[in-house]
Amino acid sequence: MKKVIFATGNEGKMREIRSILADTFPEILSMREAGIETDAAEDGATYEENALIKARAVAAADGESIVLADDSGLEIDFLDKEPGVYSARYMGEDTSYRVKNASLIRRLEGVPEERRSARFVCAIAAVLPDGRELTVRAAIEGRIGYEEKGSNGFGYDPIFYVPELGKTTAELTEEEKNLVSHRGKALRLMKEELKKL
Ligand code: IMP
């Protein structure tokens, strides 16, 4: 079974990736563990392009592993799917999520419940040692809340309310979130695609 390298430096993501892929891929390394450094510009127009840019950069430095990379973001329908692929850069990379979340809530002021629909989207790209590439995409549907709620998770989680769960994703434990999240779903889809190869 081939080694997998996931193009991220984020430890939280690595925990999630390991817990989902471990039954199929026993050896999963982060970029750091694989001794690879890249800073590919994530300037694609879609989540898939950005994930491929990251995966290709690592694959170019490795050559014998399956390289995976993800890209995700928050789409708010009322804001024409903003912040979308610019989710990390919205209002500037260094602006706190307190400020970013407050800004989004303000931009939805007076917007009724049924027009506050939003989703977290995640694309995962794989680059195989023989050069083949594939991508998968998954999402979790929700609504933008009226205030921040919950202290788990990161980023836009405190304003992302999931009606079926009656909670924001910041009120879920890591395990609960992994079962329903865009990234958890996309990882499981990618696992199935890789098993078919
Ligand atoms: P990345 O591509 O996974 O690094 O995600 C890009 C950006 O999308 C993050 O910096 C967050 O702003 C936002 N985002 C993606 N996934 C989540 C999530 O699960 N919760 C909250 N924010 C997220």
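Tutor: A pocket is here an open set of points, on a 1 Å grid over the protein atoms alone, where a 1.4 Å probe fits and where protein lies on both sides within 12 Å along at least five of seven lines, and its lining residues have an atom within 4 Å of a point. This is a predicted model, in which local features need pLDDT of at least 70 and side-chain atom pairs count only at pLDDT 80 or more, while totals for chains, interfaces and linings use all residues. Residues are numbered from 1 along each chain as its sequence is written, and side-chain values use heavy atoms, with hydrogens and water left out.

The space in the largest pocket comes to about 670 Å³, where a volume is the space filled by probe spheres set on the points, and grid points are joined across faces, edges and corners. Two elements, strand 3 (66-76) and helix 5 (182-196), each supply at least two residues of this lining, and strand 3 gives the most, with four residues. Helices (H or I, at least four residues) and strands (E, at least two) are DSSP runs, numbered from the N terminus. Sorted by class, the lining of the largest pocket holds nine nonpolar, nine polar and 11 charged residues; Ala, Val, Leu, Ile, Met, Phe, Trp, Tyr, Cys and Pro count as nonpolar, Asp, Glu, Lys and Arg as charged, and the others, Gly among them, as polar.

The ligand sits in the largest pocket, in the sense that more than half of its atoms lie within 2 Å of the pocket's grid points. Around the ligand there are 16 residues, of which Lys 13, Ser 72, Tyr 97, Asp 157 and Lys 177 come nearest; a residue is counted if one of its heavy atoms lies within 4 Å of the molecule. By class, the shell has five nonpolar, five polar and six charged residues.

In the side chain of Ser 72, an N or O atom is 2.6 Å from an oxygen atom of the ligand, and in the side chain of Lys 177 an N or O atom is 2.8 Å from an oxygen atom of the ligand. On its own the ligand has 470 Å² of accessible area, and the protein covers 89% of it, with areas taken from the Shrake-Rupley method with a 1.4 Å probe.

Terms used. Polar contact = N/O pair within 3.5 Å; in protein donor to acceptor, adjacent residues only side chain to side chain.
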